[in-house]
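Thanks for coming, everyone. Please have a look at the model on the screen, and then we'll walk through it.

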Amino acid sequence: MNKYLITFCLALALCLSLPSFALSKLGHKVVCQLSFQQLSTPHQNKIKQLLAAIPKNEQQRINRYNHQKLSKTISFADSCTWADAIKKSAKFDRYKSWHYMNVPRSQQNITSTRCSQPCLLTAIALHQSQLARSSQRAPLLTSQLKPQNTWQRAQALMFLSHWIADMHQPLHVSFKSDRGGNQQQIVLTTKPSTKNSTKPVSFKQKCTNLHWYWDECLLTSHTRQQDKLVEQLSKAWRTAPIKLWQQQSVTSWANESLALIRMPDFRYCHLDENAVCQPLKQKVILGVDYQQQFYPILEQQLLKASARLVANIEQYL
């Protein structure tokens, strides 16, 4: 009996020690919490009024997805995970392809704002438009809106906030043939590839493909604490070229991600003599030097997403 009890306790401890968030949770929450902190009080109040209009069943869906008490009050950071929380619901099936955009392996620059089918680029444009139109029709006080109209505005805000963050995870702009790096197998090792590498704060042997690594392992390699990461990015905000980032177009955001995944050091593909990004046919070994090179880049991507989300909320809400 004691043997089984010990086994159960060890298993429970292991479950509790696993990261609570992937990028779809931690990354989105960080982007939205940081954005919320940078907004003016009137804009914060508008967001709070919209969040209060989220139906109870959707509030519970968000809390359940984030492993929180079902009765917890929804924050803006929580709401930004809603677009992932609804993925298992048939009612929202049509939004699944909106989280990413596929490009040809030969493409080096994105100029069009359209996709052949609904994608991340068109999703951002659509919900910018929806939020703007609803704002123009809205009374001076959001509380004067009919509940259904307020819920529609809340959905537009939650979708737009989620899409902007997704655009800044580089592998959300990638290739269909390997499902955005989900089929690119990786092997993680604590052994550095270069003599100058040092062991990071944390290194979990968990992620098995490149997309998963960029969603979770790279982000949580330094911290799993949402508030700590927001604090770090808040300090970086003070000296970052926020205005410059905010002035750039959505296609430029997509091109930033495309440029990253085409880098040889990114280890997603290799460029042939025609600059076509050909798939790698073997597992990729990622050492701590990879983490040291790309974690600061991922932090900057989160910072850019936050800055651009602030600009969108100020413009469209």
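Start with helix α12, residues 250-261. Helices here are DSSP runs of H or I with at least four residues, strands are E runs of at least two, and both are numbered from the N terminus. How far apart are the end C-alpha atoms of α12? They are 17 Å apart. The 12 residues should span 16 Å at 1.5 Å a residue, so the two values agree. That expected span is 1.5 Å times one less than the number of residues.

A word on the source. This is a predicted model, where local features need pLDDT of at least 70, side-chain atom pairs count only at pLDDT 80 or more, and totals for chains, interfaces and linings use all residues. Residues are numbered from 1 along each chain as its sequence is written, and side-chain values use heavy atoms, leaving out hydrogens and water.

Back to α12. 10 of its 12 residues are buried, so the helix is largely enclosed by the rest of the structure. Buried means under 20% relative accessible area, with a 1.4 Å probe and protein chains only. Trp-253, Asn-255 and Glu-256 are among the buried ones.

Now the whole protein. It has 13 helices and six strands. Of its 317 residues, 53% count as buried. Take the contacts, meaning heavy atoms within 4.5 Å. Among those with a separation of 6 or more, 75% join residues 24 or more positions apart.

What does Phe-76 touch, beyond residues up to four places away in sequence? Its partners include Cys-32, Phe-36, Leu-157 and Leu-309.

Then there is Phe-92. It sits in the loop between α6 and β1. Is Phe-92 buried or exposed? Its relative accessible area is 6%, so Phe-92 is buried. Leaving aside neighbours within four places in sequence, Phe-92 is in contact with Glu-58, Arg-61, Trp-82 and Ile-86.

How values were computed. Buried means under 20% relative accessible area, exposed over 50%, partly exposed in between (1.4 Å probe, protein chains only).
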